[in-house]
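Trainee: Could you take me through one part of this structure closely, and then show me how it sits within the rest? I would enjoy a connected account.

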Amino acid sequence: MSTFCSMDPGGCLQLCLTEVANNLRNPVLMLHSADHTHRMFIAEQVGFVWVYLRDGSRLERPFLDVSGEVMTTPWLGDERGFLGMAFHPQYRHNGRFFIYYSIQVNSQVEKVRISEMKVSAYDMNVADPYSERVILEIEEPAANHNGGQLLFGLDGYLYIFTGDGGKAGDPFGKYGNAQNKSALLGKVLRIDVDGSDPDGRPYRIPPDNPFVSDPGARPEVFAYGVRNMWRCSVDRGDPVSRHGRGRIFCGDVGQNRYEEVDIIEKGGNYGWRAKEGFECYDLKLCQNSSLNDILPIFAYSHHVGKSVTGGFVYRGCESPNLNGLYIFGDFMSGRIMALEEEKTTGMWKERPVCMGDTKTCSFPGLINHYHKFIISFAEDEAGELYFLATAYPSSSSPFGTVFKFMDPSRRAPPGKCKQKPLPVKVKAKKIPFVPRERKSTGFTFTFTCFLSPPLVRSCSAFNGLHTRRNKHRRTLAFHNITPFKTLAFHNVSLS
Ligand SMILES: [Ca+2]
Ligand SMILES: [Ca+2]
């Protein structure tokens, strides 16, 4: 505790923010390509990926446009769409990257598709639209819980995080998808995308996958008992001791009572639907002595938030006091949280964080407020931490903003965090970044819905845009809209 000086009387670690991108429609992820260009790639749920340069500008031409293939709707909390992307660890040399998105086949069957694509041979800021190679498709029995995380582990393998298929309580099959190792849903999958398989699969099974010799299991399964992991990340490790390097952290969205954070282990059973957080969900499965599940490193109740968004362990340079903290949030409550590891026991404890007050965040460019719906977290090539949030969670509403974390209590010495990015050859028009968030004033972005139960009739995101008096007006009444958890469809329009 003593290393943190910027504490308020309540004992929380005060953070400030800077706004780095805006006008985004449900930005689901932001990635760097690890090719020393320090570009950022931001994906919108509708199926666009945009390139952002170091100077903050965005290229007018998208890196990728698969909006014609992607299945999604503007409905609040629709969990279908463009959901995941990962650059190959050797992207700099081979230009390969992977995407994860929802599709609809014959206007009926819904699936998630994982594909490989390549960058254009002529423009480093554009994907080759004809390069798509489908790696895997999985049928989705319901519109929600479509997973969507892709990442490469330090082992060079591609990890795919699927949801349990959807509805509530993992109802499919005898005991649900998540505990069924012959189903690809409700899993962490691990595949080798370098080279094709003798059996004709477009990928290989890593020989040490945990269930390769289990005839009742799919060989792709790396871990199971997953409900709907939404955002996972690989820990870069402590910059000096390398402690923690390679660990994969995930937020697994809960059902009715608890949200959780997990560290993924090979062959691990993460408990769902036997357990939700530390508690039993399905009593019969939970009391089965063979369950042998891995408990979360942290869980919080629905009094705190209702849909976890997994984050990152901070390993950047600019805010040295954040090193080792796992920073994550909640989509529904807008809460940002942090966990700290007790090195001797390996236990994780919550470290209270809050937005700094106006004085703390008074430095030019800093703000201390953000949009409520936290969709994703991200890190840049240098390891600095960001989150993506929107004021209005519809894939057609451009109220998504990217915020960067800054710890005002201790900054790295001048010059220490200087980067030497490789040049980026730009062929498209650059659109300069124009911040929209106001300077810190204590004003918080508010989101109001006009409710005419049970349907939300109209919602208004207002930041001075407009307000309206209405006796049905309620602020932040979202009990029947639980995006990334249990889907409820509503007719919603911006008023
Ligand atoms: Ca689904
Ligand atoms: Ca669990």
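**A hairpin and its surroundings**

Mentor: Happy to. Let us start with the hairpin formed by S26 and S27, which has 5 residues between its strands. In the turn, glycine 383 has a positive phi of about 90 degrees. Please keep in mind that this is a predicted model.

Look next at how the two strands pair. S26 and strand S27 (residues 385-390) run antiparallel and are joined by 6 bridges. One pair you can pick out on screen is isoleucine 374 with its bridge partner in S27, alanine 389. How many residues of strand S26 (residues 373-379) are buried? The count is 7 of the 7, so the strand is largely enclosed by the rest of the structure.

Tyr386 is among the residues with the most contacts inside the largest nonpolar core, together with Met30, Ile42, Met85 and Ile327. That core has 112 residues, and its largest share, 7 residues, comes from strand S1 (residues 13-24). In soluble globular proteins, nonpolar side chains tend to be buried together.

Leaving aside residues up to four places away in sequence, isoleucine 42 touches Ala21, Leu24, Pro27, Met30, Val49, Trp50, Tyr52 and Val402.

Is tryptophan 75 buried or exposed? Because 21 other C-beta atoms lie within 10 Å, and 20 or more is the cut-off, tryptophan 75 is buried. Tryptophan 75 also comes to 8.7 Å from serine 396, C-alpha to C-alpha, although 321 residues separate the two in sequence.

For another example of antiparallel pairing, turn to the open sheet of 4 strands in the order S11-S12-S13-S14. Strand S11 (149-152) and strand S14 (221-224) stand at its edges with a single partner strand each, so one side of each has no neighbour in the sheet. On average, neighbouring strands of this sheet are turned by 20 degrees against each other, direction ignored. Inside the sheet, 4 bridges join strand S12 (residues 158-161) to strand S13 (residues 187-191), and phenylalanine 161 has valine 188 as its bridge partner in S13.

Finally, step back to the chain as a whole. There are 2 helices and 32 strands, and 47% of the 495 residues count as buried. Among contacts between residues at least 6 apart in sequence, 60% join residues at least 24 apart.

Conventions
Residues numbered from 1 in each chain as written. Chains lettered and ligands numbered in written order. Predicted model: local features only at pLDDT ≥ 70, side-chain atom pairs only at ≥ 80, totals over all residues. Buried ≥ 20, exposed ≤ 12 C-beta atoms within 10 Å, placed from the backbone. Pairing = 2+ DSSP bridges. Axes fitted to C-alpha atoms, helices over the stretch in contact; angles between N-to-C directions. Core = buried A, V, L, I, M, F, W, Y, C linked by C-beta atoms within 7 Å. Contact = placed C-beta atoms within 7 Å.
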